[in-house]
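Q: I'd like to learn how to read the place where two chains meet. Can you walk me through it?

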There are 2 protein chains.
Amino acid sequence: MKVKFRIAVLLLCFISKSTFGDTIDNEVDQCSLPENLVKEIESYAPTVNKIINETVNGLYKGTTWQELATFVDKFGPRLSGSQVLESAIDYMLDKLVKHGLENVHGEEAVLPHWVRGKESATLLQPRVKDIAMLGLGYSVGTPTGGITALAIVLKSFDELRQRRNEVPGKIVVYNQDFVSYEETVIYRSRGASEAAKFGAVAVLIRSITPVSIYSPHTGMMTYQPNITKIPAACITIEDAAMLNRMADRGETIMINIRMEAQSLPAVKSRNTIAEIIGAENPEKVVVVSGHLDSWDVGQGAMDDGGGAFISWNSLRILKALNLRPRRTIRAILWTGEEIGIVGAHQYIQSHKADRQNLQFVMESDIGTFTPIGLAFTGSKEAQCILKKIMNLLEPINATMVRNPNEGPDITEWVDSGVPGASLWNDNGKYFWYHHSNGDTMSVEDPHALDLCAALFAAVSYVMAQLSVDLPHNN
Amino acid sequence: MKVKFRIAVLLLCFISKSTFGDTIDNEVDQCSLPENLVKEIESYAPTVNKIINETVNGLYKGTTWQELATFVDKFGPRLSGSQVLESAIDYMLDKLVKHGLENVHGEEAVLPHWVRGKESATLLQPRVKDIAMLGLGYSVGTPTGGITALAIVLKSFDELRQRRNEVPGKIVVYNQDFVSYEETVIYRSRGASEAAKFGAVAVLIRSITPVSIYSPHTGMMTYQPNITKIPAACITIEDAAMLNRMADRGETIMINIRMEAQSLPAVKSRNTIAEIIGAENPEKVVVVSGHLDSWDVGQGAMDDGGGAFISWNSLRILKALNLRPRRTIRAILWTGEEIGIVGAHQYIQSHKADRQNLQFVMESDIGTFTPIGLAFTGSKEAQCILKKIMNLLEPINATMVRNPNEGPDITEWVDSGVPGASLWNDNGKYFWYHHSNGDTMSVEDPHALDLCAALFAAVSYVMAQLSVDLPHNN
């Protein structure tokens, strides 16, 4: 997932769950929903309980995990532009049809096609040592034979500016402290151009994670216009710290970096769609979503196989329970998220005309660990209704609402006023595995996935069944 | 470190610190040390406080970490038999002399010389995927081109026996649950021969660790006599689990393993010795120790750079403080521990005649995190004296004593009746990094190392200064 760099998000990340709960609950205490709407929402309790029971204890217990494991073991990582992503999309389309979902189809999206190729980094001085690394998405490669240069190790962009005269011709190594993903990821996204401005020939960036067992993490970077494009890769916390110690001792550090990375012509991909068509207002839509693409390391089980699979499995469960609400529930398995939220952007732009018919949009892309509730953005009134609905999830203890939404693929909708929410889950270890070879099925827990699927199924059903349309902000 | 497989150790590992404390304290309550000995021990409090203050807050604050970082960054991992280990020993001998320690010398030990060479494992069916792996010490290599075979995935030796008819010609993958290091490591140490008995052609063993970010761990294995030697390597938790899932689905698993591993002729190495020679009874000795060799991955900072460096730095600090006790304090930086406690065995055998002069032997090889106290083996009387001495460490909250000793290099002494103890420290994450590329300086904390060095310096000083000899068990 690509997290938006909002100060609000950062602040919210540091406020405890109970604090959130209190804040929102106080606001909701001030809600004055019509009594009949309150009664209507409460009347959905038996249905929600049935959804929860079937998902968590019944016929569908463990199925999200099983289906996800089968999928990620079969395809492995699914980078935008790759044939394996397209094969994975074909597989999902077939599966959606087989489970009787409706209006199953792919909607074309054109994706950038960056490929990693072979890559390596080697410390040559003060001693010879392989440096584990992962090139960053959109990075250029090196010339054949690589780039061999002295390195300068820096802790911050401030230090880069202060020591700008030492930078020309050097490999810049960033050993920035990890504060939070949102604050620290700027070294990955902007580090190459910031260093290139002062004449650096390449950058090696400490991976954006709080914990490492010598594990490099990849991710997307961006070149600023009119700045020389230099190769960019992430290295482990351990090697960044070692190079920093060597530099502090005044040792000469020389490194060779070889990267075959390149950007190939754009390729066609597809957002994957399936629906339960609404019984009364099929044109009105609730969206549940996650992205099918991943980085080209690990299995993409956490980022974002889990999000995609709780979305499709929640529809499968509602269909199997013969629960057809008034409005349409649409699962969208986005494509091309990691490479810049590309699939979602094209889908949302091409569906502008239908935007006013969106009742509620949901996404899961920051983990499918034990769910706590939803992170919401929308009007006060919509939030009051959502909070009331979330009370129905008391049986799985996932009733909380906080602000704002953090779902990258639905952000464009939410920014345009559509009420939207992302899954809020107990994801404290998310960035240990994020964009690394550690993002595998071993991170996912069957029961937690059941709980997440139950939440998505229940909320999407009630939102789609509700007698009133949620007000948009714009 | 190589942990002995004693049930007692296993049980102790699961009993909480406070439970230990209570048990031992009750025993000590029954101690009846002579009043003058109690007073003598209490009289060392000012000296112990001075040692602690100088180590933790004074001139030597942070020096163990700085010296260790300089060492492991300079040499990296130091496998038995390698030239880098011998260079590291030369460096240490030079450093010991420079800091004015006495009787500095190397004592020859002959080490086995196993080399890893290039190695790889590749899943060929049901899809092509690189499998991260680390060959195990003493493993044979594969023929050129490797071994390509179908795999069978097993959870236990019991299942191996039950499915013995399926094993011939296969690669056995062990996906055993991690219970504890001591219980689970038998799959690494014995897994190859157990599988070879039934006709397996190679084994891939889930790494012996509770936590993984796609990190394989290495270590030593042993071939049983008269059983075909087959290649053995560890793979990550993640891949072992994936292969297990594939097998559970009935998928055909085919793997290629290539290992250039081989055993070369034995080479000469050295145990590294330095002393503060005793003022009154130089022939009587207190030993502090850790091992200088490591596996050939990571930096060997935790296993066992930390143990070796708190040992030598504790002598340096005592020397600088001009504290020369009655008996000799000897630092021994063992060689060849990882490959079978080889250096310690040869040293202890060649010093048999002096054994009765050993007052107390100490070792650190299960981490140098925040110290809690010592894990002791010896007579009741010696334990009573130790417990009284440990009370002097109240200023650093490291007063606890538990049983038994867990130091692998001193085990042969302790088994022969010499009172001995290993550092008991807050090492709950030790096996996350153990024998992996994650064993680097990033695991070590400057303050924790200071505390450990203070403990080793204080206890070795008081033991060497004590007016009475500790009774041996035999």
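A: Let's start with buried area: that is the accessible area (1.4 Å probe) that two parts lose on being put together, summed over both. Here, about 2300 Å² is buried between chain A and chain B, and carbon and sulfur atoms give 58% of that. This is a predicted model, where local features need pLDDT of at least 70, side-chain atom pairs count only at pLDDT 80 or more, and totals for chains, interfaces and linings use all residues. Residues are numbered from 1 along each chain as its sequence is written.

Q: How many residues does the contact take from chain A and from chain B?

A: Contact means heavy atoms within 4.5 Å. By that rule, 31 residues come from chain A and 31 residues from chain B.

Q: How do I read two packed helices?

A: They are described by the angle between their axes and the distance between the axes. Take helix 5 (residues 63-75) of chain A and helix 10 (residues 237-248) of chain B: the angle is about 105°, with the axes 11 Å apart. That makes these two helices roughly perpendicular (65 to 115 degrees). Trp65(A), Ala69(A) and Asp73(A) on one side meet Met242(B), Arg245(B) and Met246(B) on the other.

Q: How many salt bridges does the rule find across the interface of chain A and chain B?

A: A salt bridge is a side-chain nitrogen of Lys or Arg within 4 Å of a carboxyl oxygen of Asp or Glu. The rule finds four across this interface. Have a look at Asp73(B) and Arg249(A), whose side chains meet in a salt bridge at 2.7 Å, N to O.

How values were computed: Chains lettered and ligands numbered in written order. Heavy atoms only, no water. Axes fitted to C-alpha atoms, helices over the stretch in contact; angles between N-to-C directions. Helix = DSSP H or I, 4+ residues; strand = E, 2+ residues; numbered from the N terminus. Parallel < 35°, antiparallel > 145°, perpendicular 65-115°, else oblique.
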